[in-house]
Amino acid sequence: MTTIRSALVAPELTPELRAALDGLLLSMADDEFVIGFSDSEWTGIAPMLEEDVAMSSLAQDELGHAQALYQLLAALRDDGHDADAIAYDRTPDEYRHARLLDHGRGDWAMTVARRYLYDTADSTRLEAVASSTFGPLRELVEKIRREERYHVMHATAWFERLAGREGEPRERLVAALEALGPDAATVFTPLDNEELLVEAGAIAEPMAAIEARWRAQLTPTFVAHGLPMPPTANLADGRTRHGEPFRWLWNEFTLVRRDDPVAAW
Amino acid sequence: MTDQLPADRGGTAESATSLEPWEVFRQEKEGDPMRHGGSVMAPDAVLAVHYAREMYSRRQESVRLWVVRRADIHDLDDPDLLQPPMDRSFKKPGGYVMREKLAAAREQSGRAKPKGKAK
Amino acid sequence: MTDPLALDPVLPARERSKLPFNDPALTSDARYRHFEEHVTGGGKVEATDWMPDEYRTQVLRFVEMHANSELMGVLPEREWIMRAPTLRRKLALTAKVQDEVGHAQLLYRVAEDLGKPREQMIQDLLDGKTKFHNVFHYPTFTWADIGVIAWLVDAAAIVAQQALRDSSYAPYARTMRKICWEESVHIMHGRDVVVTLVTGTAAQRAALQDALNRWWGPLMQMHGPRGDRTKDRDIHWRIKAKTSDELRQEFLSIYVPRIWELGLTLPDPELHQDEATGEWLFTEPDWQELRTVVTNHGPKSEERLAFRRMNWDRTQWVRDTILAAPRVEAAFA
């Protein structure tokens with residue numbers, strides 16, 4: 001952790017840039033944290049046992065990524081709060097995950113649609129951080145991208161199966177896309193001072209450009225299946241206005257910890 | 001890994017048949033033989049490979065998997081074919097016993113038994 | 001389509017093997033005798049071997065209940081996956097419960113190859129026609145329950161499972177070896193949770209003691225009432241090797257000292273080890289409670305089955321279309 005800290009406390013890191021980097025890490029970590037929870041809700045009740053095990057692996061991967069990103073953030077902040085404190089000890093309004101992940105678990109089609117939209121968006125975003133000038137983030141993202149390949153493969157396999165099967169599977173997928181589509185682009189909600197991040201090489205492009213790249217990648221699949229592309233979204237509050245399903249989730253995941261925040265668990 | 005996966009025709013109707021067992025063989029480390037691990041149920045090859053990964057390497061316990069539709073395995077366990085009853089000792093090292101003949105040969109040549117083991 | 005590993009009800013088994021009971025020319029009485037001699041002499045049985053109906057049914061019933069228990073055992077812990085208080089605990093618990101689902105898969109595969117389709121087995125479980133272990137009929141109240149379940153319920157289970165690694169039914173024995181290997185980490189996870197609570201705040205310690213008090217009765221009942229070894233058909237067929245009482249003694253001798261070591265108490269004043277014989281003595285477990293609970297009249301039986309039925313119904317469309325599982329009615333006679 002010392003090497004991470006020294007890299008992040010480099011003298012060229014101005015307070016503004018540090019804050020912007022904080023925002024980037026928090027948004028990525030919160031996204032992985034929240035989708036990891038939704039996926040783990042399928043544990044024990046997925047459509048088939050083999051699929052149940054697969055979904056749990058995805059959940060564990062996402063939470064592992066969230067943990068590593070929170071650890072990076074803890075090193076950046078260097079204020080005595082560890083990854084768990086950042087992950088758990090906030091009010092619901094302080095979380096910065098994309099609203100795409102705020103719809104509750106829903107049925108299997110909702111899960112497939114959410115995973116497909118998020119995994120494709122996330123991998124486009126990771127691409128833009130893959131050659132970050134911030135070494136610790138670049139090194140972490142290199143590992144995360146190797147794991148996310150499987151996520152995209154799994155999500156794509158299910159997306160294509162639902163889209164290609166007339167009747168209930170396709171109808172449910174279309175309904176899920178209608179519910180989630182308007183929030184899909186919230187993954188690309190502009191970050192505060194993101195121009196500083198681009199200038200410093202922390203990310204390759206502004207979020208708007210990453211979103212355009214994602215749309216270009218998505219279009220052929222949606223056209224081929226005759227599915228409605230996610231519309232452009234109002235991104236002003238894409239990571240700040242959270243719905244009821246997240247309040248429920250927050251209540252659950254803080255339940256034990258709220259009992260005694262200073263105890264060791 | 002993408003390149004190794006079977007072509008995904010999962011979106012088309014003709015590939016969706018029904019669940020069937022797929023046998024999974026795993027290699028624990030480089031150089032090891034492929035050993036039978038167990039089986040998964042899956043409707044097609046792509047999901048069978050996904051599920052094999054989950055059931056037989058989620059603890060990173062394999063470096064390679066083979067996934068085979070059970071119906072594609074040809075089973076042979078006929079003892080007439082595998083354990084034929086007639087003498088096959090000429091095919092096995094133990095079928096050649098020459099200790100006494102060797103001793104006689106040494107006596108004839110007057111040379112000592114060489115040190116070390118050899119065939 | 002030939003199915004090389006398929007079973008008696010589906011396909012005739014190996015007819016040309018060296019094992020005499022596979023010889024279809026013999027009378028069924030003779031085959032039964034050869035089979036019994038083979039198994040009681042320590043021989044192994046593969047899925048493709050001929051086997052007497054009694055053996056097939058006995059193994060199937062045993063493995064099916066084991067599979068049901070893994071599947072139902074997911075539910076008490078599942079709700080705490082969402083509530084795990086740190087990232088590492090959340091990861092560990094998710095992985096542990098995932099293993100239980102995985103073990104259900106492995107065991108249902110063994111049972112499926114004996115001729116009963118998985119959908120039918122799950123349907124029978126949901127209809128209350130088949131059973132699952134007593135410990136999964138009880139509620140969980142606090143995070144401490146998760147520690148006690150992961151440490152002691154799993155420990156009691158692993159004692160039983162280790163004794164099954166040499167089962168006469170070879171596919172089951174192989175599966176048990178994989179399961180035991182995977183489960184060894186569960187006990188470590190559980191013990192770590194327990195030790196953390198024991199060394200934590202007074203409230204954490206109290207919650208742990210409370211959980212232990214509640215779980216002790218079900219744990220003592222878990223391996224089942226004392227039985228007559230000579231009348232136990234599972235032992236006769238070497239499906240299992242040890243009696244209920246042997247397993248309970250083994251569990252007590254390993255774990256009671258480890259529980260006491262932590263300064264925890266057990267709610268049985270009679271519990272002690274006889275110094276002369278080494279045998280553990282205890283208050284007779286409540287067998288009436290065990291019978292009530294395993295016949296789905298436990299405190300959480302109906303709620304958990306209803307929860308599973310609801311989710312099974314909600315995902316039926318996926319199985320009907322994408323996974324296209326063979327429907328139950330047609331498959332099993």
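Chain B has a mean pLDDT of 87, and 85% of its residues reach 70 or more. This is a predicted model, so keep that in mind throughout. One stretch of chain B needs a flag. Over residues 11–16 the pLDDT is below 50. Even there, the model gives this stretch 13 contacts beyond near neighbours in sequence.

Now the fold of chain B. It has three helices and three strands. In sequence order, the pattern is β-β-α-β-α-α. The chain counts 119 residues, and 24% of them are buried. Take its contacts with a separation of 6 or more: 51% of them join residues 24 or more positions apart.

Next, the sheet. Which order do the three strands take? It is β2-β1-β3 in chain B, an open sheet with antiparallel pairing. The edge strands are β2, residues 35–42, and β3, residues 64–69, and each of these pairs on one side only. On average, neighbouring strands here are turned by 30 degrees against each other, direction ignored.

Let me go through the pairings. β1(B) spans residues 20–27, and six bridges join this strand to β3(B), running antiparallel. B:Trp22 stands opposite B:Arg69 of β3(B). On the β2 side, seven bridges join β1(B) to β2(B), again antiparallel. There, B:Pro21 has B:Met41 of β2(B) as its bridge partner. And how many of the eight residues in β2(B) are buried? Six, so the strand is mostly covered.

Now to the contact between chains C and A. Chain C gives 36 residues, and chain A gives 36 residues. On the side of chain C that touches chain A, the elements giving two or more residues are these: α2 (53–81), α3 (87–112), α7 (202–221), α11 (301–314) and α12 (316–321) of chain C. The largest share comes from α3(C), with 13 residues. By type, this side of chain C divides into 18 nonpolar residues, twelve polar and six charged.

On to the nonpolar core. The largest one has 172 residues. Which members touch the most others? They are A:Leu25, A:Leu73, A:Val112, A:Ala113 and B:Ala52. Helix α3 of chain A, residues 49–77, gives the most to this core, with 15 residues. Look at A:Leu73 in the structure. Leaving aside residues up to four places away in sequence, A:Leu73 touches A:Asp22, A:Leu25, A:Leu26, A:Ala29 and A:Ile86.

Last, two backbone points. Most residues other than glycine have a negative phi. B:Gln60 has a positive one, near 60 degrees. This residue lies in the loop between α1 (45–57) and β3 of chain B. Is B:Gln60 buried or exposed? Exposed, because the count of other C-beta atoms within 10 Å is 6, and the cut-off for exposed is 12 or fewer.

The second case is C:Arg238, also not a glycine, with a positive phi near 55 degrees. C:Arg238 is found in the loop between α8 (233–236) and α9 (244–261) of chain C. Why does C:Arg238 count as buried? Because 20 other C-beta atoms lie within 10 Å, and buried takes 20 or more.

Methods:
Residues numbered from 1 in each chain as written. Chains lettered and ligands numbered in written order. Predicted model: local features only at pLDDT ≥ 70, side-chain atom pairs only at ≥ 80, totals over all residues. Helix = DSSP H or I, 4+ residues; strand = E, 2+ residues; numbered from the N terminus. Contact = placed C-beta atoms within 7 Å. Nonpolar A, V, L, I, M, F, W, Y, C, P; charged D, E, K, R; others polar. Pairing = 2+ DSSP bridges. Axes fitted to C-alpha atoms, helices over the stretch in contact; angles between N-to-C directions. Core = buried A, V, L, I, M, F, W, Y, C linked by C-beta atoms within 7 Å. pLDDT = per-residue confidence, 0-100.
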